Amino acid sequence: MSRTLIKDALHATAPMDAILLQGWVRTRRDAKAFSFIELNDGSCLKGIQVIADASLPDYAHITKANTGASLEVRGKLVESKGQGQKWEVVAETFTVIGEADATYPLQKKGHTLEFLREIAHLRPRSNLFGAVFRVRSRLAYAIHQFFQAKGFCYVHTPIITASDCEGAGELFRVSTLDPLNPPKTEQGAIDYTKDFFGKQAYLTVSGQLEAEIFATALSNVYTFGPTFRAENSNTSRHASEFWMIEPEIAFCDLAGNMDLAEEFVKYLIRDAKEHCAGDLDFFSKFVDKDLLARLDFVLERPFQRCSYTEAIEILGRSGKTWEHPVAWGDNLQSEHERFLAEEHFKCPVTVYNYPRTLKPFYMRVNADGKTVTAMDLLVPGIGEIIGGSQREERLDVLIENMRAHHLSEKEYWWYTDLRRYGTVPHSGFGLGFERMLMFVTGVANIRDVIPFARTPGTAEF
RNA sequence: UGCCCGGUAGCUCAGUGGCAGAGCAGGUGACUGUUAAUCACUUGGUCGCUGGUUCGAUCCCAGCCCGGGCAGCCA
């Protein structure tokens, strides 16, 4: 007999004379003549109720079917006589495969997220984390569906990179040199020409530059992979290792880029609502009561758009006192972004056309000469979830920007070649996958939407 | 990295300069088509670590370690 997943058993349309279930005991309630066992196999949030009658030959072992034990049950699927569930399984045999004694940390009680983080090897067995990681899986799939349906090509950009690209934050070094006894140059510096790749190498902070290569060949591409930032960031929305989706579109300007970002975010929300309804219900009950209403609200109306200059004006006349002063030419601080998304617009906002001096060299310079075609999508509760831009496609302007950013033209010879040969206007953005998950699930800490979080000082499991 | 808060039973927390507490979990028993069942009884402690003040420190002080929140960096 083949195993039936509990998800399928719960959705049965008729009783079954023979069923095989395998899973883990969530809780057991003993009566004098029988026991109720709630069995969960992770296929869905809900467990199924198993009735084990005291007349069963193995009933003496029922006390080993404790919370956390793995169990195999054969029996009949019948309509439940009790309230609270449609179906239940009357066991004919049950076998405790693996016992779980009283030291099992995940007892049937509420646990804090902080405690569960310390037992990241067991927390997927909890309701919350089972739900989070089912949604994570579903959205990863939906990302591919969204882009594939639009004819985008999935590109695997390298994880190890030798280009300190963008100068975007601190990089993790990849090296096989002996740290206690590295080869030295005559001047006494570490001689990286002796290192594995013959030069300094790092973990990628973005696949964008390589994605641009493919966009200028295959037109519409996207990447979806791990990204590494060695920043000493200790916040609920930063991780040292996270996953990022980076579409890159040829013949696309900033407006098209913003359109795609909005369509993409809404698609993912809609997909989660459609395919993870039970899990989202759970989040809205136990994590964030306003979750479903907020997701509907976001789906129902267009995202707001506002230029950086307009944003500065809005902040200036808000009547608020800011911890960080508002001035044209300064970065928008967290408090400013939160105000725009949560209080002023009360909905996701795309802020675009930032001062040139605040942004990286590859962003396209606007006609005013002062701003570049950057865009950030800010969402209530989380802040920046997407950052993107139209890229500078004019060779002379790009080179001028590189000089202004003190970047070596020689190092980026291949990047400038894209403008030297058949250049096209093109755009793209990066969506933080974990931040998107936070938004969809209502989970407030990025460490709780990634299976094994890597943050400064922590790389357990 | 800076500022703030916390660390007491397996978990969540209360508490006091003078015998270490509760709820849940665990154990035993009772009861029940139960639903994180219920009721009674019960086991369980390096009070984060090191040093200092004190007759006496879990409590006060200092340093360190760990966790969390916020800020910066960003997705």
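Predicted model: local features only at pLDDT ≥ 70, side-chain atom pairs only at ≥ 80, totals over all residues.
Local features require pLDDT of at least 70 and side-chain atom pairs pLDDT 80 or more, while totals for chains, interfaces and linings use all residues; side-chain values rest on heavy atoms, without hydrogens or water. Residues are numbered from 1 along each chain as its sequence is written, chains are lettered from A and ligands numbered from 1 in the order in which they are written.

The surface near RNA strand B comprises 11 nonpolar, 24 polar and 15 charged residues. In this grouping, Ala, Val, Leu, Ile, Met, Phe, Trp, Tyr, Cys and Pro are nonpolar, Asp, Glu, Lys and Arg are charged, and the others, Gly among them, are polar. Of the atoms of RNA strand B within 4 Å of the protein, 50% belong to sugar or phosphate. The rest belong to bases.

Phosphate oxygens of RNA strand B lie by several side chains. A polar side-chain atom of Arg 29 is 2.7 Å from one such oxygen. For Arg 447 the distance is 2.9 Å. For an N or O atom in the side chain of Ser 236 it is 3.3 Å. Elements giving two or more residues to this surface include strand 1 (16-30), helix 2 (113-118) and strand 15 (383-391). Helices (H or I, at least four residues) and strands (E, at least two) are DSSP runs, numbered from the N terminus. Strand 15 gives the most, with 4 residues.

Helix packing was considered next. The axes of helix 3 (residues 127-149) and helix 5 (residues 254-275) come within 10 Å and cross at roughly 135°. Axes are lines fitted to C-alpha atoms, for helices over the stretch in contact, with angles from 0 to 180 degrees between N-to-C directions. Residues in contact (heavy atoms within 4.5 Å) include Leu 139 and Phe 146 of helix 3, and Phe 264 and Leu 268 of helix 5. By class, this contact has 10 nonpolar, 2 polar and 3 charged residues.

Arg 364 lies in the loop between strand 13 (349-355) and strand 14 (371-379). Its side chain makes a polar contact with that of Glu 393, at 2.8 Å. Such a contact is a pair of N or O atoms within 3.5 Å; within protein, one must be able to donate a hydrogen and the other to accept it, and residues adjacent in sequence count only if both atoms are side-chain atoms.

Technical notes. Near = heavy atom within 4 Å.
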